[in-house]
Amino acid sequence: MEAGAYGAGKAGGAFDPQTFLRQPHTILRMVSWIFSIVVFSCIVNEGYINKPTESKEYCIYNSNQNACNYGITVGVLSFLSCLLYLALDVYFPQISSVKDRKKAVLSDIGVSGFWAFLWFVSFCFLADQWRVSKKEDNPLNEGADAARAAIAFSFFSIFTWEQLSSWTDDLPLCHLSGVGSAPNRSYTTDGKGTEAHPLEDNWLKFTSENNCYLYGVFNGYDGNRITNFVGERLSAELLLGQLNADHDDADVRRVLLQVMEFCLQRHRASIQSYFPT
């Protein structure tokens, strides 16, 4: 299990720009990058106005310089953070170390959650300051659209960054070795997986009336006929009361062996018609 953790089994494949750009994680990252540009550019370009009686420029958000500074700072740092993690996303398929992949994934999750919080603060701060802004400070309503756009895209950024914190291993498989493919799955060159054949395995969850619990997994081969047969027949035999909580380990092994042998005999009998006499 550890060998394939955080997608380590998929490392080594050649970088495919088209596949990379189609990944939901990449699309969200680029959307967040664009939103950050919109926020800080709106404030930088139209976020400062002159009062009618003064030549000095003030922040459009209630003349609160901290509001403009916060919006610009969060926007610029978010912009740089998106570029940094886009570069990490490009490099990520080449990382073969599970520890390094784990650090990268946890870092991405933590940073994305942190930025979602900062954008939430930005939205609340800018919206509140815009609400209490005095109309007489800006009678011509200059920069109003840009101010509203910065607030709106701060709000949108909360959700794009929040979705980035829900990390999924959607990277393509290694095209040379096929490492990373799951059982019963076949993969195309873009890493998409489909079921190659009907599931052959089966499982058993058994609970008796006398507080006895049994769990089992049956590994099928060339079909699921025998795994389905054993799963159903084994439960039926155990329900007859052959197994209870008073049995020790040796008794449990003995009963299970007897039931398995009986199930195999019944299965052989059920397929006799397939063999020539």
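Student: Where does Asn228 lie?
Tutor: Asn228 lies in helix H6, residues 225–242; helices here are DSSP runs of H or I with at least four residues, numbered from the N terminus. This is a predicted model, where local features need pLDDT of at least 70, side-chain atom pairs count only at pLDDT 80 or more, and totals for chains, interfaces and linings use all residues. Residues are numbered from 1 along each chain as its sequence is written, and side-chain values use heavy atoms, leaving out hydrogens and water.

Student: Why is Asn228 called partly exposed?
Tutor: Its relative accessibility is 29%. Buried means under 20% relative accessible area and exposed over 50%, with partly exposed in between (1.4 Å probe, protein chains only), so Asn228 counts as partly exposed.

Student: Which residues of H2 are buried?
Tutor: Among them are His25, Thr26, Arg29, Phe35 and Cys42.

Student: What makes H2 roughly antiparallel to H3?
Tutor: Helix H2 (residues 24–46) and helix H3 (residues 65–91) pack at about 155 degrees, with axes 8 Å apart. Angles under 35 degrees count as roughly parallel, over 145 as roughly antiparallel, 65 to 115 as roughly perpendicular and the rest as oblique. Therefore H2 is roughly antiparallel to H3.

Key
Axes are lines fitted to C-alpha atoms, for helices over the stretch in contact, and angles run from 0 to 180 degrees between N-to-C directions. Helices (H or I, at least four residues) and strands (E, at least two) are DSSP runs, numbered from the N terminus.
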